[in-house]
Structures are given as C-alpha cells and as structure tokens.
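Dear colleague,

I am handing over the structure below, and I would be glad if you could look through it before reading on. My notes on what was found in it follow.

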Amino acid sequence: MRIILLGAPGAGKGTQAQFLMGKYGIPQISTGDMLRSAIKEGSDLGMAAKRVMDEGKLVSDDIIIGLVKERIAKDDCKDGFLLDGFPRTIPQADAMKDADIKIDHVIEFDVPDDVIVERMGGRRVHPASGRVYHVVYNPPKNEGRDDQTDEELIIRDDDKEETVRHRLGVYHEQTKPLVGYYAAEAEAGNCEYHKIDGTQPVGDVSEQLNKLLD
Ligand code: AP5
Ligand code: ZN
C-alpha cells in the first residue's frame, strides 16, 4: 500500500504514521526526519538544510526529490510506503508522477491553525525512532522519556511559536494546492482521496484511518 499523509505542520502525520507502519508493515518516509538526521550527522546537506528549516522555509525541490527517489528505490519499499511530509509542493508531486510512482491513498488531515499552534507548544519527540508525544494529548508513560527505549525526549528547534506561524504560512501558500491536485488525481481514477478531521483525539483519528484503509 502506498500512502501520502498530507496536512499542515502539527496536523498529526507523524503520530498516525507510527500506527500505520506497525499495522501494514510498510516504512515511514518522513522527509523532515531524514533532514534532521542529516543535520545530526553534520553532512553538507544537513548544514544547508538546518538554516532553511530553522526559518520554517522549505528545502529546495531538487534536493528533496532526489532524497525521496533514492529512498523509495530501496528494498523495504517494494510492498509500499508511507510518505510523511512529502510531496509538499506541486513540482514534488509532479516528480512522483513523472517517475511513474503510483499512489493508492492520499489522506488529508484537516486541522485549523489555532489548534496547530497550541499543539506544537507541547510536542516532544524521540529523534531516533520518530515517535511523537504531546505533554497533554499524548503523554509518554514516564515524563520526558520515550516509552520503548526510556531515552530522553526533545523539543524540535522549529517548534517555537514564531517559526510555527511561519511554517503555517508556507503550508497554505505552497502545500495546500496539493489538495486540489490530488482531488483531481482521484477524480481521474489514479488514487483515492480521503479527508479526515484531525482535531479528533489521536485514537479516534487512527480508528477512522483503519476503517477507510481496510
Ligand atoms: P516536517 O518534519 O515534515 O514537519 P511538518 O510537516 O511541519 O510536520 P510536523 O512533523 O511538524 O507535524 P506532524 O503532522 O507530523 O504532527 P505530529 O504527529 O508530530 O518538516 C520539517 C521541515 O523540514 C520543514 O519545515 C521543511 O523545512 C523541511 N522539509 C520537510 N519535508 C520537506 C519537503 N517535502 N520539501 C521541502 N522541505 C521539507 O503531531 C504534532 C503534535 O500534536 C504532537 O505533539 C502530537 O503528539 C500532537 N497530536 C497529534 N495528533 C493529535 C491529535 N489528534 N490530537 C491532539 N494532539 C495531537
Ligand atoms: Zn512529522
């Protein structure tokens, strides 16, 4: 199964990706996580990406498209994958199409901006696994520690309110047009398009996802 998770920063893509990965045994391809590990490694890509990400802007299409194509070509993607945070621009979506990479389901998480800003303030992440928590809405079993490894959770550098607002602006301008893009793709019979109310509790969103993907 090949799935695209579409939605604003903080809409819950990473959170739901964790459930879907387990359920369908397909890898999560999070371009954000890939860039953050490049930053941690201190590679040239990481150095260039850090500046852009800290400002809440998008990394260039060429770089991202190259990364994703290389990742999708790996063995573990043969039976499908979950794209989280990609595509994020029309050229990125076109690149998938030009490469003949078919998508089965596009899932849009609909969450208003005010809710997003509140969520991001409480987000905590486990960088090594991509597991995501919220101090109130999805708390870890032990405060500040990952459920599975007991390692320390961190706050992402781009979760400052000012940066979050900037990221939301970028989302509306550059990513939101993909809603129409994939609605048209679904109309043409190339994929299924589902819109989910992402303001529901985490478990309810998962349940709804399960129903529509089964
Ligand atoms: P990326 O890491 O992809 O960030 P994003 O898209 O902005 O999304 P987030 O990871 O912030 O949110 P999410 O939807 O995964 O929400 P989450 O589940 O964590 O990208 C970071 C940067 O990298 C970009 O700004 C850009 O610079 C660059 N980049 C990445 N991809 C790129 C691309 N394709 N092209 C160009 N540049 C790219 O949840 C958020 C919080 O809410 C958590 O605390 C969670 O516990 C909580 N939560 C989740 N669901 C619920 C719920 N239903 N109810 C209550 N709380 C909830
Ligand atoms: Zn995420």
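In β4, the residue that Ile-4 has as its bridge partner is Val-106. The two strands involved, β1 (residues 2-7) and β4 (residues 105-110), pair in the parallel sense over five bridges; here two strands pair if DSSP finds at least two bridges between them, and helices (H or I, at least four residues) and strands (E, at least two) are DSSP runs, numbered from the N terminus.

Please keep in mind that this is a predicted model, in which local features need pLDDT of at least 70 and side-chain atom pairs count only at pLDDT 80 or more, while totals for chains, interfaces and linings use all residues. Residues are numbered from 1 along each chain as its sequence is written, chains are lettered from A and ligands numbered from 1 in the order in which they are written, and side-chain values use heavy atoms, with hydrogens and water left out. The chain averages a pLDDT (the predictor's confidence in each residue, from 0 to 100) of 96, and 100% of the residues score at least 70. For the complex, the predictor gives an ipTM of 0.98 and a pTM of 0.96.

The open sheet consists of five strands with parallel pairing, in the order β2-β3-β1-β4-β7. Its edge strands, each pairing on one side only, are β2 (28-30) and β7 (192-197). Helix α8 (residues 177-187) packs on the sheet and touches β1, β4 and β7, with a direction that makes about 135 degrees with that of β7; contact means heavy atoms within 4.5 Å, and axes are lines fitted to C-alpha atoms, for helices over the stretch in contact, with angles from 0 to 180 degrees between N-to-C directions.

Turning to the ligand, 36 residues surround ligand 1, and the closest are Gly-10, Thr-15, Lys-57, Arg-123 and Arg-167, where a residue counts as near if one of its heavy atoms lies within 4 Å. A polar side-chain atom of Arg-167 lies 2.6 Å from an oxygen atom of ligand 1, and a polar side-chain atom of Arg-156 lies 2.9 Å from an oxygen atom of ligand 1.

Two loops also deserve a look. Pro-87 sits in the loop between β3 (81-84) and α5 (90-98), and the peptide bond from Phe-86 to Pro-87 is cis, with omega near -10 degrees. Asp-100, in the loop between α5 and β4, has a positive phi, near 65 degrees, although it is not a glycine. Most residues other than glycine have a negative phi, and most peptide bonds are trans.

Note on methods. A polar contact is a pair of N or O atoms within 3.5 Å; within protein, one must be able to donate a hydrogen and the other to accept it, and residues adjacent in sequence count only if both atoms are side-chain atoms.
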